[in-house]
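Here's a quick briefing to read with the model open beside you.

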Amino acid sequence: MGARMAENISYYVITAFILVYATTSAELSKQTALNAVLVASAVHFAVIPLWGALSDRVGRRPVYLVGAIGVALWMFPFFALIDSRSFGSLLLAVTVGLVFHGAMYAPQAAFFAEMFATRMRYSGASIGAEFSSVAAGAPAPLIATALLADFGSSTPISLYVIAASLLTVLAIVCAKETRNRDLTEIEPDSGRAPADATTLPPTPGASDPSFAGGPGSVSRPADGALPGGQHPVDPGEFEEMAEFPGHAHEQDRRTRRPGPAVGEEELRESHRVAEREPGHVEDER
């Protein structure tokens, strides 16, 4: 919020309050004041991208500080030029003031966004920016008008803008430069694995207490069940499978996880081959 104090207050004093001051204290026409603001706004529009490009090269903080300090130093000359009651002086006062304001406004969006991690950037940047608009920018013309009515001079108004500029300078000095900041480095640790990380299942027997044996061993769960709902196969059945191929086929079909479907002809052929084998034992169903 402090970074936006000078930017908000100076802008509304230069563009809105000037219509009151120029027509009452300087006795200029409202149209003259509006023309000066219109021309100065065109210059303001042109210099904002230039200030932004400069902040990309030298940093956000130096450019922002130029604007905040420049506005503070310009306030007394600003009102002195308006008091000269000429359009040229009025135009110069508003134009220079908006050029300094552009130095704060141009890097502001990137500067604030780069202060926050991605997951909180929208809230962090917008809350500070919008609250400062309400606290600083909205009442600025009203405060300046009240100061003029109470003191009848531009000096309190200049001091008001200077105080806001000092607050902004302090905030910018305390802030870190963000121009070369890698936004991934300020991403807070969420405690979750990266999105591209591949998590492998634990090796059975390595950490699961329901498995007997140690790492690297082929173990069976304590309750006798195999993963995937398979039933354990008795070691003696392997000898029977080796001795009787047909019986091994049936045992494999019953005890193992179902494999690809076997056609009827292939099944009959396997039975015929098994029956021709000597010592065949009829399969018990």
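**A buried charged pair, and the rest**

Arg4 is buried, and so is Glu7, where buried means under 20% relative accessible area, exposed means over 50%, and partly exposed is in between (1.4 Å probe, protein chains only). The side chains of these two, Arg4 and Glu7, meet in a salt bridge at 3.0 Å, N to O. Keep in mind that this is a predicted model, in which local features need pLDDT of at least 70, side-chain atom pairs count only at pLDDT 80 or more, and totals for chains, interfaces and linings use all residues. Residues are numbered from 1 along each chain as its sequence is written, and side-chain values use heavy atoms, with hydrogens and water left out.

**Overall layout**

- The protein has eleven helices and zero strands, with helices (H or I, at least four residues) and strands (E, at least two) taken as DSSP runs numbered from the N terminus.
- Of its 285 residues, 35% count as buried.
- Take the contacts (heavy atoms within 4.5 Å) between residues at least 6 apart in sequence: 74% of them join residues at least 24 apart.
- The accessible surface comes to about 16,800 Å², and 62% of that belongs to carbon and sulfur atoms; the areas come from the Shrake-Rupley method with a 1.4 Å probe, and for residues only the protein chains shown count as cover.

**Salt bridges**

- The count comes to four salt bridges, each being a side-chain nitrogen of Lys or Arg within 4 Å of a carboxyl oxygen of Asp or Glu.
- Back to Arg4 and Glu7: they sit three residues apart in helix α1 (residues 2-24), so about one helical turn separates them.
- Arg60 forms a salt bridge with Asp56, and their closest N and O atoms are 2.5 Å apart.
- Arg60 is buried at a relative accessible area of 5%, whereas Asp56 is partly exposed at 43%.
- Arg60 also forms a salt bridge with Glu114, the closest N and O atoms being 2.9 Å apart.
- Arg60 lies in helix α3 (residues 60-83) and Glu114 in the loop between α5 (108-113) and α6 (121-137), so this pair ties together parts that are 54 residues apart in sequence.
- Through shared partners, salt bridges join Asp56, Arg60 and Glu114 into one network.

**Nonpolar cores**

- The largest nonpolar core has 44 residues, and the ones with the most contacts inside it are Ile9, Phe78, Ile82 and Val94. A core here is a set of buried Ala, Val, Leu, Ile, Met, Phe, Trp, Tyr and Cys residues joined through side-chain atoms within 4.5 Å.
- The elements giving two or more residues to this core are α1, α2 (30-58), α3, α4 (87-105), α5, α6, α7 (140-151) and α8 (155-174).
- Helix α1 supplies the largest share of this core, ten residues.
- Set aside neighbours within four places in sequence, and Ile82 is in contact with Ile18, Tyr21, Ala22, Ala26, Leu90 and Ala93.
- Another core, of five residues, lies apart from the largest one, with Val47, Trp51, Ala103 and Ala106 among its members.

**Aromatic pairs**

- There are six aromatic pairs. Rings of Phe, Tyr and Trp (its six-membered ring) pair if their centres lie within 6.5 Å; planes under 30 degrees apart count as stacked, over 60 as edge-to-face and the rest as tilted.
- The ring centres of Phe17 and Tyr21 are 6.1 Å apart and the planes are at 40 degrees, so this pair is tilted.
- Both of these residues, Phe17 and Tyr21, lie in helix α1, four residues apart, about one turn of the helix.
- Phe17 counts as buried at 1% relative accessibility, and Tyr21 counts as buried at 4%.
- Tyr21 and Phe79 have ring centres 5.1 Å apart and planes at 75 degrees, so that pair is edge-to-face.
- This second pair links distant parts of the chain, with Tyr21 in helix α1 and Phe79 in helix α3, 58 residues apart.
- Phe79 is buried, with a relative accessible area of 1%.
- Phe17, Tyr21, Phe78 and Phe79 form one aromatic cluster.

**A glycine in α4**

- Gly88 is found in helix α4 and is partly exposed, with a relative accessible area of 46%.
- The C-alpha atoms of Gly88 and Ala36 are separated by 8.4 Å, though the two residues are 52 apart along the chain.
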